[in-house]
Amino acid sequence: MWIPILLLAVGFVLLIKGGDWFVDGASGIARRFHLPEILIGATVVSIGTTLPEVMVSAGAAMQGSGDIAYGNAIGSIICNTALIAALTIAIKPGAAARKSLVLPVAFFFGASIIYCFSAYVLGAFSRAIGIVLLATFAVYMISTVMRMKQTAASIGTVALEEQSGIAVSEAALESLSGEDHVVESTVQGTKDSLFKDIILLVVGAILIAIGADLLVDNAIIIAESLGVSEKVIGLTIVALGTSLPELVTAITSLIKGHGSLSLGNIIGANLFNLVLVSGTAVTISPFAVPVAGLIGGINASLVLDIPVMLTVMLILTVPTLIKQKLSRWQGIALLGIYAAFCVLQFII
């Protein structure tokens with residue numbers, strides 16, 4: 001048993017260091033191009049921190065373990081929202097720009113309609129649904145990239161030059177000998193700095209993926225030895241394990257004063273769990289809605305799991321969109337829901 005524990009520790013260390021580098025790289029890129037951190041968090045950072053969920057769910061689908069793939073996607077959304085986001089909000093609530101939140105939130109609830117239709121009406125997730133979900137992911141990314149270009153285009157040339165440190169008056173340049181060398185050196189320094197941010201982003205994502213994989217694999221080994229069902233493992237242990245990158249990113253962002261990056265990451269990651277993680281798993285191997293327990297004679301997934309997923313996202317997003325700020329009561333309410341949800345999973 002000491003080997004799984006050791007590997008868990010190694011995975012945790014990799015996650016922490018990877019999360020630190022990932023946030024540094026992402027926030028550096030956001031500053032360099034004058035892009036809103038919440039927008040970077042909802043795209044680049046979210047893809048990186050969702051990689052563990054994609055790998056785990058795809059692997060589970062290929063092995064015929066649809067229950068784990070299903071539970072991982074829903075469980076990760078609940079964990080991201082009601083534990084990770086809730087902790088950061090309860091500790092340090094802050095402002096949130098409505099304009100940057102509208103697109104990912106709209107896509108999330110749009111994808112939720114497709115997801116609920118499959119679960120409640122069809123009772124299964126077909127390959128066609130998987131393709132639709134993946135297409136939704138593609139449309140979201142295209143829309144976001146176009147929006148980023150518009151944001152970048154709206155920034156004046158002077159602001160961009162000041163951002164990169166090359167806005168120097170002509171008079172000052174003329175007064176210096178070798179002014180061409182100064183400009184070239186500054187531009188080269190900017191390029192080198194951008195390259196460094198990209199390297200930090202990529203290496204951080206790799207470390208996060210490896211660390212999460214080690215944690216999940218060994219958590220499953222321990223859980224299975226205790227006789228826990230695949231769906232419960234997916235909704236709790238695997239979901240928490242694959243959500244650790246979001247947790248590490250959220251904590252690191254909070255410590256470094258990038259709260260908007262964390263919020264954007266959570267919402268973006270939740271959307272990707274529905275359209276990318278679920279879409280990939282279902283396209284590889286379609287499966288029926290898992291049944292690991294009944295509530296009032298009805299599948300617990302339909303009565304508890306999906307409703308909780310939608311409820312916690314509504315609590316997180318609706319008041320925030322209305323008031324353009326996060327409130328501590330949201331964090332406390334979400335934490336209470338998560339605690340009750342985990343307890344019910346092991347009772348049912």
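Contacts (heavy atoms within 4.5 Å) are the place to begin: of those in the chain with a separation of 6 or more, 84% join residues 24 or more positions apart. The model is predicted, with local features needing pLDDT of at least 70 and side-chain atom pairs counting only at pLDDT 80 or more, while totals for chains, interfaces and linings use all residues. Residues are numbered from 1 along each chain as its sequence is written, and side-chain values use heavy atoms, leaving out hydrogens and water.

Display the whole chain as a cartoon. Its secondary structure comprises twelve helices and four strands, which are DSSP runs numbered from the N terminus (helices H or I, at least four residues; strands E, at least two).

Next, select helix H4 (residues 98–122) and helix H11 (residues 300–323), whose axes come within 11 Å and cross at roughly 165°; axes are lines fitted to C-alpha atoms over the stretch in contact, with angles from 0 to 180 degrees between N-to-C directions. H4 and H11 are therefore roughly antiparallel, a term for angles over 145 degrees. Show the side chains where they meet: among them are Phe108 and Phe109 in H4, and Met313 and Leu314 in H11. By class, this contact of H4 with H11 has 16 nonpolar, three polar and one charged residues; Ala, Val, Leu, Ile, Met, Phe, Trp, Tyr, Cys and Pro count as nonpolar, Asp, Glu, Lys and Arg as charged, and the others as polar.

Finally, select Asn273 in helix H10 (residues 259–284). Asn273 has a relative accessible area of 0% and is therefore buried (under 20%, 1.4 Å probe, protein chains only).

Notes. Buried means under 20% relative accessible area, exposed over 50%, partly exposed in between (1.4 Å probe, protein chains only). Angles under 35 degrees count as roughly parallel, over 145 as roughly antiparallel, 65 to 115 as roughly perpendicular and the rest as oblique.
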